[in-house]
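Please keep the sequence and the 3D view open as you read.

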Amino acid sequence: MRGIRYAVLVALSLLFLAPFLFMLSTSLKTPEKIFTATMEWIPSPVVWKNYPDAIARFPFWRYVGNTLFICALTVLGTVLSSSLAAYAFARLRFKAREPLFFLMLATIMLPAQVTLLPTFLLFRALGWSGSWLPLIVPAFFGNPFSIFLLRQFFLTIPQELSDAARLDGCTDFGIFWRVLIPLARPALATVALFAFLGAWTDFQGPLIYLHDESQYTLALGLQSFLGRHESQWNLLMATSTVITVPLIIVFLLVQKTFVKGIVLSGLKG
Amino acid sequence: MGESRTALLFLAPWLLGLVLFTVGPILVTLFLSFTDYRVLSPPRWVGLDNYKELFTDTETFWPSLGNTAFLFLELPLSLVVGLALALLLNQKLKGMALFRTIFYLPSLVPTVASALLWLWLLNPEHGLINEALRALHLPAPTWLASPLWSKPAIILMDLWGVGGSMVIYLAALQGVPQDYYEAAELDGANGWQRLRHITLPSLSPVIFFNLILGVIGTFQYFTQTFLMTKGGPDKSTLFYALSLYQNAFEFFRMGLACAMAWVLFVLTIGATWLVFKSSARWVYYEGEKG
């Protein structure tokens with residue numbers, strides 16, 4: 001029985017991994033090898049030079065810097081503003097709590113397109129179009145999905161801890177900052193990871209707001225490869241590998257915390 | 001300080017964002033949908049003209065809706081695949097962490113990179129998929145170059161990224177109380193019965209959650225087709241959100257695009273409402289049983 005289970009798992013894993021292996025393998029081939037009839041998984045010769053060649057094609061390091069900058073501020077903004085709101089929903093008693101919480105959940109279901117155009121017009125009117133501000137500033141106004149996740153997590157932290165802190169003269173902000181935030185690290189890491197992934201891979205935002213190539217993010221910069229260099233699949237695949245690998249590394253680093261964050265925050269329902 | 005005032009302070013950033021980036025824009029979208037607004041000149045009131053134009057447009061609007069409806073076929077597929085993978089990964093076997101990571105990896109790939117990758121995988125001549133099909137002596141379609149096969153190609157690509165919802169099923173599976181299974185086993189329930197009467201009901205809130213997210217995501221499907229096909233060939237991958245984007249940012253018809261956004265809003269609310277309504281029949285919450 002155990003053997004069959006492993007066989008199924010391995011076979012499926014190969015199916016899911018094959019595209020990655022194809023990407024890696026193509027990224028190490030000479031142009032001639034790419035268009036040969038039969039699949040060669042380990043190319044000979046292995047052309048490592050495709051990687052420096054690929055990233056020399058566009059201002060790679062500048063785009064990495066731009067993307068990291070936007071990501072860092074997005075993560076900071078999302079974590080700060082969402083955890084504040086989550087505290088209110090989890091710990092404070094006020095009249096409008098239920099309706100506001102429901103309203104917040106409803107906004108998760110709102111199609112982005114409904115707010116996209118006026119938001120675009122607003123940022124244009126503010127003169128922010130053509131800058132990073134439209135990609136960063138909204139993160140500081142709370143993200144409903146993150147608020148929900150953090151609220152669920154805060155609810156799992158015993159009320160007695162807050163009460164004890166309050167007896168010691170802690171204000172709500174003190175309880176939030178010194179008791180809940182340190183205990184909520186797995187959930188905060190999960191929210192941070194989602195925010196990071198969202199900002200790193202966002203395409204539509206940069207597409208709409210950035211006009212100057214020097215401001216591009218990686219995702220947007222990579223787009224210029226499509227069409228322009230379509231026959232150079234080896235370089236294209238090298239570039240894809242390069243922007244995917246950092247995400248895989250980040251994920252492997254936070255994986256344990258991430259799964260714990262999902263389980264403990266009761267996202268399971 | 002009263003608790004309501006404290007709450008207001010804690011909620012201030014989100015509330016401000018709600019007004020600035022959600023409620024305000026929704027109202028502006030509604031207003032603009034009744035105008036002819038081409039960005040360079042101020043909006044001009046035209047009443048229901050945009051909506052009339054949309055509903056009589058058999059060239060773009062109805063085909064884009066039809067294509068999007070086709071995309072909904074993917075929801076049950078990804079539900080079954082995601083759930084099956086989660087069940088498989090929930091076993092207590094050595095090396096599970098590795099398998100979990102492997103199935104989750106595709107969800108980490110930035111959309112632009114996966115679009116590039118799948119353009120290459122689906123290449124009719126040299127792509128891996130057709131090489132595999134030819135090796136198995138199966139017909140090799142031209143995928144994204146064929147109006148018939150472009151949608152299945154996109155569904156195939158999306159199923160590869162099913163790991164996102166799989167992780168959520170997996171988290172939920174680990175929360176199912178083990179003693180339910182032990183009790184069922186004592187009663188002589190077989191594997192299928194345990195799945196049907198314990199696992200699926202326990203997971204139903206999460207299935208519901210993923211289903212709602214899936215409905216919303218399907219209506220908003222944009223980046224992949226924008227990058228890979230621009231809606232072609234022959235409008236076969238012109239999905240609703242892509243058509244909306246083109247109207248707004250390529251043809252600069254903001255008024256018409258706002259009308260499309262409102263139609264989308266109503267459709268999403270309608271579809272979500274249907275799922276909610278049906279959920280009373282099949283979603284079980286722990287708290288309600290006791």
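How many salt bridges are counted between chain B and chain A? The count is zero. Please bear in mind that this is a predicted model.

**Where the two chains meet**

Chain B brings 88 residues to the contact and chain A brings 90 residues. Together the chains bury about 7900 Å², and carbon and sulfur atoms give 81% of that area. On the side of chain B, B:F10, B:W14 and B:W120 supply 11% of the area that chain B buries against chain A, more than any other three residues.

As for polar contacts, the rule finds seven residue pairs across the interface of chain B and chain A, counting pairs in which both residues have pLDDT 80 or more. Helix α1 (residues 3-32) of chain B gives the largest share of the side that touches chain A, with 20 residues. By class, this side of chain B has 67 nonpolar, 17 polar and four charged residues.

**Two domains within chain A**

The domain assignment divides chain A into domain 1 (1-47) and domain 2 (58-266), and the centres of the two domains, taken over C-alpha atoms, are 34 Å apart. Here 10 residues of domain 1 touch eight residues of domain 2. The two domains of chain A bury about 660 Å² between them, with 78% of it on carbon and sulfur atoms.

Between these domains of chain A the salt bridge count is zero, and one residue pair is found in polar contact, both residues at pLDDT 80 or more. Helices α1 (2-27) and α2 (31-34) of chain A each supply at least two residues of the side of domain 1 that touches domain 2. The most comes from α1 of chain A, with five residues. Sorted by class, that side of domain 1 has six nonpolar, three polar and one charged residues.

**What the UniProt record says about chain B**

An unreviewed UniProt entry annotates "transmembrane region" over residues 7-34, 69-89, 101-121, 153-172, 203-222 and 251-276 of chain B.

| Span of chain B | Helix | Strand | Distance between end C-alpha atoms |
|---|---|---|---|
| Residues 7-34 | 93% helix | 0% strand | 38 Å |
| Residues 101-121 | 90% helix | 0% strand | 22 Å |
| Residues 64-275 | 73% helix | 0% strand | 23 Å |

**Backbone spots worth a look**

Most residues other than glycine have a negative phi, and most peptide bonds are trans. With that in mind, which peptide bond of chain A is cis, with omega near 0°? The bond from A:S44 to A:P45 is, and A:P45 sits in the loop between α2 and α3 (50-55) of chain A.

Chain B has a cis peptide bond as well, joining B:G232 and B:P233 with omega about -10°. B:P233 belongs to the loop between α12 (223-228) and α13 (240-250) of chain B. Finally, B:H137 is not a glycine, yet its phi is positive, about 60°. You will find B:H137 in the loop between α7 (128-135) and α8 (150-160) of chain B.

Technical notes: Residues numbered from 1 in each chain as written. Chains lettered and ligands numbered in written order. Predicted model: local features only at pLDDT ≥ 70, side-chain atom pairs only at ≥ 80, totals over all residues. Heavy atoms only, no water. Domains from an automatic or database assignment. Contact = heavy atoms within 4.5 Å. Buried area = accessible area lost by both parts, 1.4 Å probe. Salt bridge = Lys/Arg side-chain N within 4 Å of Asp/Glu carboxyl O. Polar contact = N/O pair within 3.5 Å; in protein donor to acceptor, adjacent residues only side chain to side chain. Helix = DSSP H or I, 4+ residues; strand = E, 2+ residues; numbered from the N terminus. Nonpolar A, V, L, I, M, F, W, Y, C, P; charged D, E, K, R; others polar. UniProt positions renumbered as here; feature names shortened; annotations may be inferred.
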